[in-house]
Amino acid sequence: MSENVGRTDFLFHFIYYVALFFFSLIMALMIYFVFRYRRKSPQELGTGPTHSTLLEVIWTGVPIVLVIAMFVIGFFEYMRTTGPVASPNSYEIQVLGQKWKWQFTYPNGYVDQNLHVPVDTPVQLTMTSEDVIHSLFIPAFRMKQDVVPGRYTKMYFRGTAPGEYVIFCAEYCGTSHSDMLARVVVHAPGEYEKWLEEASNFIDKLPATEAGARLYLSRGCASCHTADGSAGTGPTFKALFGHDQKLSDGSTVKVDENYIRESIIEPQVKVAAGFEPVMPTYKGRIKDKEITVLIEYIKSLQ
Ligand code: CUA
């Protein structure tokens, strides 16, 4: 849960019940008038009042008050969740949407596939996209915001109860749109720092192939490269290391440490034959020791 949920739900129910009330009222009156004032004979002419100031003031005034109330509540809620009046010392987490996964970068540079936040702390998400428009949607927080290439959008919230909540992509972004799933993990007091410390240092603590396997999932390799030999958007990692790779320009290259490294940093230079040059570059976004353990992981998939 997050702190805005009560207000957002109130606004939703307010609009919903006002709409339901007036829909019922207008439909009921309309059906009643159709019978009550129907023309009973061909000669009958309509009579009755042509004007009622009291009635007109009521049916103009009441809707105006209601829509202004909806606007004011919605406007302040929008300002609160998208930035301008939010707390200036929020904890900032960078969000990158890309086909087809989310990447969350923490203040210390650590990248994770899930969103971890401390409880009772104002959090600011600064979001952008690598390719097409995505939309970060956290139903449990009643929050949804487009993630657009070439610009930054923001979202502010404060988790109020430790727990795990699901994140969806809510903008159709291609083949694996429905796989753009992640979690928000709201940590109990004190747990967050422990988690971040542990998560940030896993490369030093785990065996290289295990750390590589984790990076393979968390850095998004898995969304295009399978580990079991089945087809994907990119070549499978199964039995990749050491074999001769045909390239799209007709030449052949032996898959060794340097070829894998180059393919991560400059993926468009030597594109494997039969695949589209769609891999984004990881230049400046991945550390050398991360590349090293990824290579160890790929080596282990023989
Ligand atoms: Cu990203 Cu749909």
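Reader: What should I know before looking at the values?
Author: This is a predicted model, in which local features need pLDDT of at least 70, side-chain atom pairs count only at pLDDT 80 or more, and totals for chains, interfaces and linings use all residues. Residues are numbered from 1 along each chain as its sequence is written, and side-chain values use heavy atoms, with hydrogens and water left out.

Reader: What makes S6 and S7 a pair of strands?
Author: Strands are DSSP runs of E with at least two residues, and helices are runs of H or I with at least four, numbered from the N terminus. Two strands pair if DSSP finds at least two bridges between them. Strand S6 (residues 134-138) and S7 are joined by 5 bridges and run antiparallel, so they meet that definition. Phe137 stands opposite Lys144 in S7, and His134 stands opposite Val147 in S7. The hairpin of S6 and S7 has 4 residues between the strands, and Arg142 there takes a positive phi near 60°.

Reader: How do you know that S6 also pairs with S9?
Author: S6 and strand S9 (residues 163-169) share 2 bridges in the antiparallel sense, and at least two is what the definition asks for. Leu136 has Cys169 in S9 as its bridge partner.

Reader: Why is S6 called largely enclosed?
Author: Buried means under 20% relative accessible area, exposed means over 50%, and partly exposed lies in between (1.4 Å probe, protein chains only). In S6, 4 of the 5 residues are buried, so the strand is largely enclosed by the rest of the structure.

Reader: Why do S4 and S7 stand at the edges of their sheet?
Author: That open sheet has 5 strands in the order S4-S10-S9-S6-S7, with mixed pairing. Strand S4 (115-118) and strand S7 (143-147) each have a single partner strand, so one side of each is left without a neighbour in the sheet. From one strand to the next, the twist averages 20°.

Reader: What touches this sheet?
Author: Helix H3 (residues 191-200) packs on the sheet, touching S4 and strand S10 (182-187), and its direction makes about 140° with that of S4. Contact means heavy atoms within 4.5 Å, while axes are lines fitted to C-alpha atoms, for helices over the stretch in contact, with angles from 0 to 180 degrees between N-to-C directions.

Reader: What is the order of the strands in the open sheet that holds S2?
Author: The order is S3-S2-S1-S5-S8, in an open sheet of 5 strands with mixed pairing. S3 and strand S8 (153-158) are the edge strands, each pairing on one side only. Strand S1 (residues 91-98) is joined to S2 by 5 bridges, antiparallel, and S2 is joined to S3 by 2 bridges, also antiparallel. S1 and S2 form a hairpin with 2 residues between them. The hairpin of S2 and S3 has 5 residues between the strands, and Gly109 in the turn has a positive phi of about 95°.

Reader: Why is the pair of Tyr106 and Tyr110 called stacked?
Author: Rings of Phe, Tyr and Trp (its six-membered ring) pair if their centres lie within 6.5 Å; planes under 30 degrees apart count as stacked, over 60 as edge-to-face and the rest as tilted. Tyr106 and Tyr110 are 6.1 Å centre to centre with 25° between the planes, so the pair counts as stacked.

Reader: What makes the pair of Tyr110 and Phe202 edge-to-face?
Author: Their ring centres are 6.5 Å apart and their planes stand at 80°, so the pair is edge-to-face. Tyr110 lies in the loop between strand S2 (101-105) and strand S3 (111-112), and Phe202 in helix H4 (residues 202-205), 92 residues apart.

Reader: How do you know that Tyr106 is buried or exposed?
Author: Tyr106 has a relative accessible area of 2%, so it is buried.

Reader: What makes Arg214 a charge over a ring?
Author: The rule asks for NZ of Lys or CZ of Arg within 6 Å of the ring centre and within 35 degrees of the ring normal. The charged end of Arg214 sits over the ring of Phe202, 4.2 Å from its centre.
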